[in-house]
2 protein chains.
Amino acid sequence: MELISESRCFDGMQGVYRHASAATGCDMTFGLFLPEEARQGPVPILWYLSGLTCTHENAMTKAGAQGWAAEQGIALVFPDTSPRGEGVADDDAYDLGQGAGFYVNATKTPWAPHFRMWDYLAEELPALIGREFALDMDRQAICGHSMGGHGALTLAMGLPGRFTSVSAFAPIANPSASDWGRKQFSAYLGEDKTTWAPHDATLMMREKGLDVPVLIDQGGSDQFLDLLRPEALSEAMVARRQEGNFRVQKGYDHSYFFISTFMEDHVAFHAEALYA
Amino acid sequence: MELISESRCFDGMQGVYRHASAATGCDMTFGLFLPEEARQGPVPILWYLSGLTCTHENAMTKAGAQGWAAEQGIALVFPDTSPRGEGVADDDAYDLGQGAGFYVNATKTPWAPHFRMWDYLAEELPALIGREFALDMDRQAICGHSMGGHGALTLAMGLPGRFTSVSAFAPIANPSASDWGRKQFSAYLGEDKTTWAPHDATLMMREKGLDVPVLIDQGGSDQFLDLLRPEALSEAMVARRQEGNFRVQKGYDHSYFFISTFMEDHVAFHAEALYA
């Protein structure tokens, strides 16, 4: 693992690291914020999964999460959104290929060899950071934005017991029924929709739900409401009496201005669960 | 004036605007955050001037200022750092030409016709935003980072009575004695150093100082300490008993991670002066 940069931030340290990934077969870059408390011993972790076109960097520089995480003594992990590099398949569209991994293990060519973001995030990266840093891997929470909100919800439901709490900003809530989903699942997983279901937060919520609390924030003026389908997830959450909170925030759009506005709430929500 | 984008943010609105500038002879873009209170009537303003290579966008998305400004009911203005466009002179170096206006009125070719950032910020942009938005132009404060810290300090000292308070993150403190300054002043203003003095915060501090409080934060591990020359400004401030606070923050570098860490303090410092 290679240290790319390190900047002091809110009395802690914001690092960027690169490592050779077995899961994705390429070098992967991630950001890690360690609060001051990590100098004394292991601290809890909040994962932040990013949206389409993002790298590890967007949320790390624009979400305003470090200050609140520092206040709570929580580490933040900012993974990339896909494999990258010259040998990695790509597409001209912004919503397929590099920057658009959708947090699945692709089984179809040309995506299959590298696009294994599920394994990367479910297994490889947690093992790596648990080994290398002062992190308490028994206390992990997860959040994300848009495609990353989809990733956070599906990883949490797919890995029961892993996370203490899940939150999302404007998640892609029902990808099987959206152009942000059908196109990508067809490409990565093929046409058999039984392979899609474990990657659709609404379908998973209907099937199994979560035994930990969920917080969703959705901007009421989000320019992508038709693609996100928040109403499907909200319906599924309430139908199964999922412990949670689905908030529509009047006037907010899909941008980081929306995320940064409510980041304090999300970090506080996770802190309550992580320290329960 | 053209609205480029508008995003709700901390109950207020983050807008981006473009307008034809007479001062710079080209279109100029700026960001403006209006807190919720601006819907009721004029609010005080904090100017944020950015550093080398930045546009209006960097601080707007990465400094984490809007939350604190919203809490204090203060507007934030994020101007660009230079004129831009195809007809505007430029240089291959990152620290000269577009993105590197240094907040002066250039008098030398090829810079003279467009590089008039002093006039733009001292006269044209305040007049424009005072006319177009609910801003209380009798209550203005100013801050900035690096080249923008230089701009904030020199504008405040050059326009006595304009600002209630001045702050800077890692300002270019003594450009006449630095490679971040000599090269640009030579290009924009020529070799007569009497024209440089009104654009050197340390020299101005020695000559006249400020009748309002000053807050400076300087990262102790800033990678550009030799170019910034913070010790020269600090010496000048204390020698003239300038009301102020010069803080060295151990371990912090020159990045937005440093800025965002101390942004709360800077906004609170300005709020105290704006509401005095």
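Predicted model: local features only at pLDDT ≥ 70, side-chain atom pairs only at ≥ 80, totals over all residues.
Visitor: How many residues does the contact take from chain B and from chain A?
Guide: Contact means heavy atoms within 4.5 Å. Here 21 residues come from chain B and 21 residues from chain A.

Visitor: What is the area buried between chain B and chain A?
Guide: Buried area is the accessible area (1.4 Å probe) that two parts lose on being put together, summed over both. Between these chains that area is about 1700 Å², with 60% given by carbon and sulfur atoms. On the chain B side, B:R8, B:F10 and B:F257 supply 39% of the area buried against chain A, more than any other three residues.

Visitor: How many salt bridges are there between chain B and chain A?
Guide: A salt bridge is a side-chain nitrogen of Lys or Arg within 4 Å of a carboxyl oxygen of Asp or Glu. The count between chain B and chain A is zero.

Visitor: Which residues of helix α5 of chain B are buried?
Guide: Helices (H or I, at least four residues) are DSSP runs, numbered from the N terminus, and buried means under 20% relative accessible area (1.4 Å probe, protein chains only). In α5(B), residues 182–189, the buried ones are B:Q184, B:F185, B:A187, B:Y188 and B:L189. They lie on the same side of α5(B) because they cover an arc of only 165 degrees around the axis, taken from the directions from the helix axis to the C-beta atoms. These buried residues pack against α4 (147–158) of chain B.

How values were computed. Residues numbered from 1 in each chain as written. Chains lettered and ligands numbered in written order. Heavy atoms only, no water. Buried < 20%, exposed > 50% of the residue type's maximum accessible area, 1.4 Å probe, protein only. Helix = DSSP H or I, 4+ residues; strand = E, 2+ residues; numbered from the N terminus.
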